[in-house]
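Please look through the report below, which describes the strands and some backbone details of one structure. The sequence and the structure come first, and the description follows.

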Amino acid sequence: MGKILSKYLRDNGEGDLMHWCPGCNSLHIYAVNSGVPGKNWSFNGNVEKPSFSPSMLINRGTPDKTCHYFLTDGVLQYCSDTAHHLKNQHVPLPPLPQWLRDTTPPFTTKEEQDDIDFLRDLSDEERDLLTEYYEKHFKEAPGRTNREWLELAKAERADSWVDSTHQRIGKLDGG
Ligand SMILES: [Zn+2]
């Protein structure tokens, strides 16, 4: 059933493309091969950094279960009408969990799976910090793990606190 296209995408066996949603913790499927004009999503053909348009809207009309997002260049951008915890956030498309892979070599290492779990277990404050920092810097090093991004974000916040404290002390000394 289906075939692995990359560690992020698999074919569902009918030419449609499935990816993992870290908000719903489930697969979502883009129809790209339905044979019905106007029913397909457009796909950029990049299985490592996929883009689809238009947006994906799951459970429309059920506000407490809605998942609504754009997937652009391998980044999930959840919209404000999304019900789950990733609402209004941009997160890198996570690799498919190992149990969804049917080929060797394995595409998700244990480290990658740990990193998916890491993102899910963050507090709201940590997730906001990571997201804010990630959005500013993600083009610099797209291969960083969520854990590395959060450490960098925390280091930057600590630096700016030290800087402002030094400036205040400097002013006191100088005055
Ligand atoms: Zn979802």
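## The four-stranded sheet

Four strands, in the order E1-E2-E3-E4, make up an open sheet with antiparallel pairing, where two strands are said to pair if DSSP finds at least two bridges between them. Strand E1 (3–4) and E4 are the edge strands of this sheet, and each of them pairs on one side only. Helices (H or I, at least four residues) and strands (E, at least two) are DSSP runs, numbered from the N terminus.

Between E1 and strand E2, which covers residues 10–11, the pairing is antiparallel and runs over two bridges. Within this part of the sheet, lysine 3 stands opposite aspartate 11 in E2.

## Basis of the model

The model is a predicted one, in which local features need pLDDT of at least 70 and side-chain atom pairs count only at pLDDT 80 or more, whereas totals for chains, interfaces and linings use all residues. Residues are numbered from 1 along each chain as its sequence is written.

## The five-stranded sheet

Five strands form an open sheet in the order E5-E6-E7-E8-E9, again with antiparallel pairing. Its edge strands are strand E5 (42–43) and strand E9 (90–92), each of which pairs on one side only.

E5 and strand E6, the latter made of residues 52–58, are joined in the antiparallel sense over two bridges, and serine 42 stands opposite serine 53 in E6. Serine 53 is also linked to proline 54 by a cis peptide bond, with omega at about 0°, and proline 54 is itself found in strand E6.

Most residues other than glycine have a negative phi, and most peptide bonds are trans.

Asparagine 25 is found in the loop between strand E3 (17–21) and strand E4 (26–30), and its phi is near 50°, a positive value in a residue other than glycine. Is asparagine 25 buried or exposed? Asparagine 25 counts as exposed because it has 11 C-beta neighbours inside 10 Å; by definition, a residue is buried if 20 or more other C-beta atoms lie within 10 Å of its own, exposed if 12 or fewer, and partly exposed in between, with C-beta atoms placed from the backbone.

Asparagine 59 lies in the loop between E6 and strand E7 (67–72), and the phi of asparagine 59 is near 60°, which is likewise a positive value in a residue other than glycine. Asparagine 59 is partly exposed, because 13 other C-beta atoms are within 10 Å.
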